[in-house]
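Please look over the sequence and the model shown here before reading on.

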Amino acid sequence: MMAQENAKVFVIAELGMRGTERVTLQLIGKARQLADEIDYGVGVILLGSDLADSEQELIEAGADLVLKGDAETLELYQAELYTAIIVKLVKEYQPEILLLGSTSMGRELAPLLAARLETGLTAHCIDLAINASGILEQRIPAYGGMITIICPIKRPQMATVAEGVFPNPVLDSSRTGNVIPIEIQDGISLRAHTLEIVREELMGISLESAQVIVAGGAGAGDVDGWREITELASVLNAGLGSTRPVVDAGWSDFDSMIGQSGKMVNPDVYIGVGISGDLQHMVGITGPKIMVAVNNDPKSHIFEQVDYGVVEDCRIFVPALVSALKDNKAKPD
Ligand SMILES: Cc1cc2nc3c(=O)[nH]c(=O)nc-3n(C[C@H](O)[C@H](O)[C@H](O)COP(=O)(O)OP(=O)(O)OC[C@H]3O[C@@H](n4cnc5c(N)ncnc54)[C@H](O)[C@@H]3O)c2cc1C
């Protein structure tokens, strides 16, 4: 059987302002690896408008089959319309595995699809593998360690994964694939319409590209403590990261959250201030780097995970460090 007819590991593609989102290509790269292990092909569902030859990059990344819906009504992501189209395609093509990015779109779409398809979904996986029985192992941090979730009976096995969890695949321009245009059903009544997608302007240094990251946690204590950590990031020309309690408290926005359900980062230097070192946060920091922690509890488990530790109240230490760094900057060379 030709690989494209056998496509059973599917990825839902996502398009951004500048074309295919990186997470889509990373998922296709991983899907390729998983599919090879179980002798399947890789399928991608691509929805949008004015798509031209966008499928080419997906094929170069590892897709054998692209189901391409190109219509004006798909110009913006519409939850109900995308759900209806994808559910129909999944019922027709019967994929074993269905992967989506843990993006704003994926976070909404994946549970909608899982509910309609009456299957399981593991959100924010940080690894995927095929076990000896050919079942998808979906790994997430939980209960202070890593756990594996499987969906042994229902299909497809669904997972979401954040950008940066898997590497960018090497594009192979000699690959070929089958592109099937799909008819977009008319008359699907939508209760909610996306009218416009507005990207938030990036303030400061992007976490994904930052060489130095200062991340603050609940230990900041309050918004004033958070402001001090923000200032440290600014003086060091560093990206500003956070943990979930910081986002929940409203001191910083979701975009700054590092970890399993936030961003994956790869700085040279990571400075964690008032952070306990829980796995859900720490899995977001990848690659070789120098890690520093500031925490007032000498028993905090973050100290087991870093190269340098400062046992001190951050409300004392951070302003003192900021002041010393500023003084140092002000000194003539
Ligand atoms: C499914 C799931 C997904 C999750 N995803 C994420 C994620 O993506 N990212 C994320 O960050 N979290 C995530 N979490 C939450 C995560 O489990 C932790 O709860 C969170 O990371 C803890 O944040 P924290 O270290 O800031 O807070 P805490 O665990 O409350 O730690 C605060 C630390 O600050 C120290 N401290 C207190 N006062 C001071 C002071 N004055 N000076 C110095 N140190 C001080 C304390 O000793 C403590 O170690 C997730 C949880 C679940 C269940």
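A residue is called buried if 20 or more other C-beta atoms lie within 10 Å of its own, and exposed if 12 or fewer do, with partly exposed in between. The model described here is a predicted one.

## Two domains

The protein is divided into domain 1, which covers 7–181, and domain 2, which covers 212–330. Taken over C-alpha atoms, the centres of domain 1 and domain 2 are separated by 33 Å. Eleven residues from domain 1 and six residues from domain 2 take part in the contact, and the side of domain 1 that touches domain 2 has, by class, five nonpolar, five polar and one charged residues.

## The helix α8

The 17 residues of α8 should span 24 Å at 1.5 Å a residue, and this agrees with its end C-alpha atoms, which are 24 Å apart.

Cys314, Val318 and Leu321 are the buried residues of α8; because they cover an arc of only 65 degrees around the axis, they lie on the same side of α8. Among the elements that cover these buried residues are α5 (223–235), β15 (269–273) and β16. On the other side of α8, the exposed residues include Ile316, Ala320, Ser323 and Lys326.

## Around the ligand

Of the 28 residues around the ligand, those that come nearest are Gly217, Gly219, Thr243, Gly259 and Ser276. The shell around the ligand has seven nonpolar, 16 polar and five charged residues, and at least two residues of this shell are supplied by each of α6 (244–249), α7 (279–282), β16 (290–295) and α8 (314–330).

Definitions and conventions: Residues numbered from 1 in each chain as written. Predicted model: local features only at pLDDT ≥ 70, side-chain atom pairs only at ≥ 80, totals over all residues. Near = placed C-beta within 6 Å. Helix = DSSP H or I, 4+ residues; strand = E, 2+ residues; numbered from the N terminus. Nonpolar A, V, L, I, M, F, W, Y, C, P; charged D, E, K, R; others polar. Expected span 1.5 Å × (residues − 1). Arc of directions from axis to C-beta. Contact = placed C-beta atoms within 7 Å. Domains from an automatic or database assignment.
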